[in-house]
Amino acid sequence: CERPSRQHLFGSNMGLWSFDGFTFKEVSESYGLAKGTSVLSLLQDGDTLIVGTAFQGVLKIVGRNIVKKYHVSNSKLVSNRINHLFFDDQRRLWISTPKGVSVLSNDRIVSYGEKNGLKAPDVFQVAQDKAGNIWIANFTGGLICFDGQKFQHYNSENGLKTDVVYSVLADQSGNIWAGSQLGVDQVIVNSDGGISVINNFSRFDGFVGIENNAGAALCDKYGVLWFGTIKGVVRCIPGERVVNQLPPAVFVDQVNLNSTITNWFAEPFINYYDSIKP
């Protein structure tokens with residue numbers, strides 16, 4: 001999150017930190033937070049800083065003062081642990097949590113969970129495609145598309161590499177990228193909001209990080225995609241896809257007869273060939 005003074009703010013498990021281009025400094029107390037407050041997500045909305053915390057819900061900070069708190073005890077927020085914050089094109093705030101996703105609009109919260117739309121409770125990140133649909137990274141529940149009325153679920157049975165989806169973002173063309181434990185899936189969205197094709201990318205396609213980290217996906221202002229993985233950061237330029245032209249190595253480790261496992265060292269098969277190379 002970048003402040004007007006060119007000061008950059010970072011959320012961490014050890015507080016809110018600033019970086020002026022030279023030094024890092026914890027500034028939790030300067031923004032009305034307790035020292036060491038665990039900050040998991042940050043958004044800037046004009047003069048307002050929106051903070052998603054690990055234990056205190058969502059905080060709105062204007063200047064250096066907390067002006068609003070959304071907590072399970074004073075609102076319909078489903079969890080005080082905030083995995084990710086996202087504004088859609090209607091300026092609704094989507095709040096991803098371990099117990100579902102909550103939508104804040106006009107100071108009113110509506111929540112979605114296993115009882116009304118999601119396959120699993122844990123939501124790590126939310127994105128929006130060019131048709132206005134909301135896409136939800138649902139841990140063990142796959143990728144979920146919400147058009148405002150109904151939920152459509154996508155998983156390993158209809159195109160995704162796996163049901164374990166850790167992150168989701170939209171590129172500048174409005175297509176969706178879902179980071180998982182087995183790489184990243186590109187979901188091509190047509191003008192009607194339907195899916196044209198799903199492309200899977202693994203380490204064999206250059207996605208060497210393999211397993212993505214929860215909510216660690218970003219499309220920057222240049223259209224470059226960034227994915228945080230367990231093996232570092234992977235950078236992707238969607239329009240510069242390079243196809244691997246090298247044929248795969250072939251290893252034959254078994255030969256079966258009529259699709260049946262065959263003991264080639266037993267009679268009568270041992271008489272059918274002159275030798276086997278190890």
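Predicted model: local features only at pLDDT ≥ 70, side-chain atom pairs only at ≥ 80, totals over all residues.
Trainee: Which residues form a nonpolar patch on the surface?

Mentor: The patch has about 300 Å² of accessible area together. Its members are L218, W226 and V233.

Trainee: Is W226 buried, partly exposed or exposed?

Mentor: W226 lies in strand β21, residues 225–229. Buried means under 20% relative accessible area and exposed means over 50%. W226 has a relative accessibility of 31%, so it counts as partly exposed.

Trainee: How many residues of β21 are buried?

Mentor: The strand spans residues 225–229 and is mostly covered. Of its 5 residues, the number buried is 4.

Trainee: How many bridges join β21 to β22?

Mentor: Strand β22 covers residues 232–236 and runs antiparallel to β21. A hairpin connects the two through 2 residues, and T229 stands opposite G232 in β22. The number of bridges joining β21 to β22 is 5.

Trainee: Which residue takes a positive phi in the hairpin of β20 and β21?

Mentor: Strand β20, residues 212–219, is antiparallel to β21 and joined to it by 4 bridges. The hairpin has 5 residues between the strands, and the phi near 85 degrees belongs to G223.

Trainee: How many residues apart in sequence are the parts tied together by R91 and D45?

Mentor: R91 and D45 form a salt bridge, with the closest N and O atoms 2.6 Å apart. R91 lies in the loop between β8 and β9, whereas D45 is in strand β4, so the pair ties together parts whose separation in sequence is 46 residues.

Trainee: Are R91 and D45 buried, partly exposed or exposed?

Mentor: The relative accessible area of R91 is 46%, and that of D45 is 30%. Buried requires under 20% and exposed requires over 50%. R91 is therefore partly exposed, and D45 also counts as partly exposed.

Trainee: Where does K68, the salt-bridge partner of D107, lie?

Mentor: The side chains of D107 and K68 meet at 3.6 Å, N to O. The pair links distant parts of the chain, 39 residues apart, with D107 in the loop between β10 and β11. K68 lies in strand β7, residues 65–70.

Conventions. Residues numbered from 1 in each chain as written. Heavy atoms only, no water. Patch = residues over 30% accessible without salt bridge, like charges linked within 9 Å, V, L, I, M, F, W, Y side chains within 5 Å. Areas by Shrake-Rupley, 256 points an atom, 1.4 Å probe, with all protein chains shown as cover. Salt bridge = Lys/Arg side-chain N within 4 Å of Asp/Glu carboxyl O. Buried < 20%, exposed > 50% of the residue type's maximum accessible area, 1.4 Å probe, protein only. Pairing = 2+ DSSP bridges.
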